[in-house]
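Please read it with the model open beside you.

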Amino acid sequence: FLRRLQIYDNPDLTGEIPVEWFNLTELRVLQLSNNQLSGKIPAELGKLKKLESLNLYGNKFSGEIPAELWSLVKIFDLNLGGNELTGTLPAEVGNLTDLTFLNLKSNQLNGEIPVELGNLIRLRSLDLGYNQLSGSIPPELGNLAELTSLVLSDNQLSGPIPSELGDLISLTSLCLEENELSGEVPASFSKLTKLTGLRLRMNYLTGVPESLAQLPNWSS
């Protein structure tokens, strides 16, 4: 049985995902990044119940993320970044509790960040940058104790930065620049001693606590 299918970095590979692939029910890894595939992401991918890694990064997929993807409960690596996806990120993303890597950057996703992302306690990398997300940053993201990289850059997020992000003591990179965030930088950020990158520029922030000076390397 085919368990790994990797076809990537082919700039002349166009069209849609062949329907025959949805019969590969033993598939664990599907890697189709950096091609020129287009159309909607097929809902039939939800039939691949044993899928652990799905990488469609850097194609031309459009439309909404099919709801069927949120039933792939064995998946730990989901990368749909660099496409033309629209719609919202639903609460059902919180069903994928084995996720360690989630990349949805550089699409056209809108709406609010679902609080259910706080259920994904195994996440190590979360990138929602370069979309059209709005509303506030959910305090529930502070539950992601294993997170090393959090990118929410270049959206339309507003309101204060939740102090709960200071509980992400494994973070090495935190990118919140180019939003509409306001208020002071939380004093709890002084607990983020592993940070080597902190990006806050182009917001409406009014104060930075002196305690941040103890952090090893950061840029505002």
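This is a predicted model: local features need pLDDT of at least 70, side-chain atom pairs count only at pLDDT 80 or more; totals for chains, interfaces and linings use all residues.

1. Five strands, in the order 10-12-14-16-18, make up an open sheet with parallel pairing. Strand 10 (110-112) and strand 18 (204-207) are at its edges; each has a single partner strand, so one side of each is left without a neighbour in the sheet. From one strand to the next, the twist averages 20°.

2. Look at one pairing within that sheet. Strand 10 and strand 12 run parallel and are joined by 3 bridges. Leu 133 in strand 12 is the residue that stands opposite Gly 111. As background, strands of a sheet pair through backbone hydrogen bonds, either parallel or antiparallel.

3. Another open sheet has 9 strands, and their order is 1-3-5-7-9-11-13-15-17, again with parallel pairing. Its edge strands are strand 1 and strand 17, each of which pairs on one side only. Neighbouring strands here are turned against each other by 10° on average, with direction ignored. Within this sheet, strand 5 and strand 7 (residues 77-79) pair in the parallel sense over 3 bridges. Asn 55 has Asn 79 in strand 7 as its bridge partner.

4. Now the chain as a whole. Its secondary structure comes to 18 strands and 0 helices. The C-alpha atoms fill a box of roughly 60 × 30 × 25 Å along the principal axes. Of the contacts with a separation of 6 or more, 47% are between residues 24 or more positions apart.

5. What share of the 220 residues is buried? Buried residues make up 49% of them. The largest nonpolar core has 58 residues, and Leu 54, Leu 80 and Leu 117 touch the most other members. Leaving out residues up to four places away in sequence, Leu 80 touches a list of residues that includes Ile 41, Leu 54, Leu 56, Ile 65, Leu 69, Leu 85 and Leu 104. Asn 103 and Asn 107 are also among the residues that Leu 80 touches. In soluble globular proteins, nonpolar side chains tend to be buried together.

6. Next, the charged pairs. Side chains of opposite charge can pair when their charged atoms come close. The whole structure contains 6 salt bridges. One of them is between the side chains of Glu 26 and Arg 28, at 3.1 Å from N to O. Glu 26 has a relative accessible area of 17%, so it counts as buried, the limit being under 20%. Arg 28, at 21%, counts as partly exposed.

7. Glu 26 has a further partner. Lys 50 forms a salt bridge with Glu 26, and their closest N and O atoms are 2.9 Å apart. Lys 50 is in the loop between strand 4 (36-40) and strand 5 (53-55), while Glu 26 is in the loop between strand 2 (14-15) and strand 3 (29-31), so the pair ties together parts that are 24 residues apart in sequence. Lys 50 is partly exposed, at 28% relative accessibility.

8. Which residues does another of the salt bridges join? The side chains of Lys 191 and Asp 167 meet at 2.8 Å, N to O. This pair links distant parts of the chain: Lys 191 is in the loop between strand 16 (180-184) and strand 17 (197-199), and Asp 167 is in the loop between strand 14 (156-160) and strand 15 (173-175), 24 residues apart. Lys 191 is partly exposed, with a relative accessible area of 41%. Asp 167 is partly exposed too, with 37%.

9. Last, two backbone angles to check. Asp 9 has a phi near 60°, a positive value in a residue other than glycine. Asp 9 lies in the loop between strand 1 (4-6) and strand 2, and is partly exposed at 46% relative accessibility. Tyr 130 also has a phi near 60°, again positive and again in a residue other than glycine. Tyr 130 is placed in the loop between strand 11 (125-127) and strand 12 (132-135), and is partly exposed, with a relative accessible area of 41%.

Terms used
Residues are numbered from 1 along each chain as its sequence is written. Side-chain values use heavy atoms; hydrogens and water are left out. A salt bridge is a side-chain nitrogen of Lys or Arg within 4 Å of a carboxyl oxygen of Asp or Glu. Buried means under 20% relative accessible area, exposed over 50%, partly exposed in between (1.4 Å probe, protein chains only). Helices (H or I, at least four residues) and strands (E, at least two) are DSSP runs, numbered from the N terminus. Two strands pair if DSSP finds at least two bridges between them. Axes are lines fitted to C-alpha atoms, for helices over the stretch in contact, and angles run from 0 to 180 degrees between N-to-C directions. A nonpolar core is a set of buried Ala, Val, Leu, Ile, Met, Phe, Trp, Tyr and Cys residues joined through side-chain atoms within 4.5 Å. Contact means heavy atoms within 4.5 Å.
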